[in-house]
Amino acid sequence: MERRMIENEVKALIVLFSPFMKEMVEMMYLTEQPVLLSGEKYESEVGSLPRTPSGQGIRETISWIRAEE
């Protein structure tokens, strides 16, 4: 518990000098607990979304990159 208090005090000091660190500290809550994202709410509004298997997506992306070179 004491370590967490010291960490918070150090963070508070660092953000005074670094806008980037201010944003990092603000987003740290994302590393403290797992964040589960779901598209259910979005899909209920706009309908089902197309899904591409990861292997197919990687192959198509590589093909696109090679075609652009």
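Leu16 is exposed, with a relative accessible area of 64%, where exposed means over 50% relative accessible area, buried under 20% and partly exposed in between, computed with a 1.4 Å probe and protein chains only. Leu16 lies in the loop between H1 and helix H2 (19-27), and its C-alpha is 43 Å from that of Val46, a residue 30 positions away in sequence. The model is predicted, so local features need pLDDT of at least 70 and side-chain atom pairs count only at pLDDT 80 or more, while totals for chains, interfaces and linings use all residues. Residues are numbered from 1 along each chain as its sequence is written, and side-chain values use heavy atoms, with hydrogens and water left out.

**Confidence**
- The protein chain has an average pLDDT of 83, and 91% of the residues score at least 70; pLDDT is the predictor's confidence in each residue, from 0 to 100.
- Confidence in the protein chain is lowest in helix H1 (residues 2-14), with a mean of 71, and highest in helix H5 (residues 54-68), with 96.

**Fold and overall shape**
- The protein chain holds 5 helices and 0 strands, these being DSSP runs numbered from the N terminus (helices H or I, at least four residues; strands E, at least two).
- Read along the sequence, the pattern is α-α-α-α-α.
- The radius of gyration of the protein chain is 21 Å, well over the 11 Å that the globule rule gives for 69 residues, so the chain is more spread out than a compact globule; the radius is taken over C-alpha atoms, and the rule is 2.2 Å times the number of residues to the power 0.38.
- Along its principal axes, the C-alpha trace of the protein chain spans about 50 × 40 × 20 Å.

**Surface**
- Of the 69 residues of the protein chain, 1% count as buried.
- The accessible surface of the protein chain is about 6900 Å², of which 61% belongs to carbon and sulfur atoms, with areas from the Shrake-Rupley method and a 1.4 Å probe; for residues, only the protein chains shown count as cover.
- Ile62 counts as partly exposed because its relative accessibility is 37%.
- Tyr29 is found in helix H3 (residues 29-32).

**Charge pairing**
- The whole structure contains 1 salt bridge, defined as a side-chain nitrogen of Lys or Arg within 4 Å of a carboxyl oxygen of Asp or Glu.
- Arg51 pairs with Glu43 in a salt bridge whose closest N and O atoms are 2.8 Å apart.
- Arg51 is exposed, at 64% relative accessible area, whereas Glu43 is partly exposed, at 21%.
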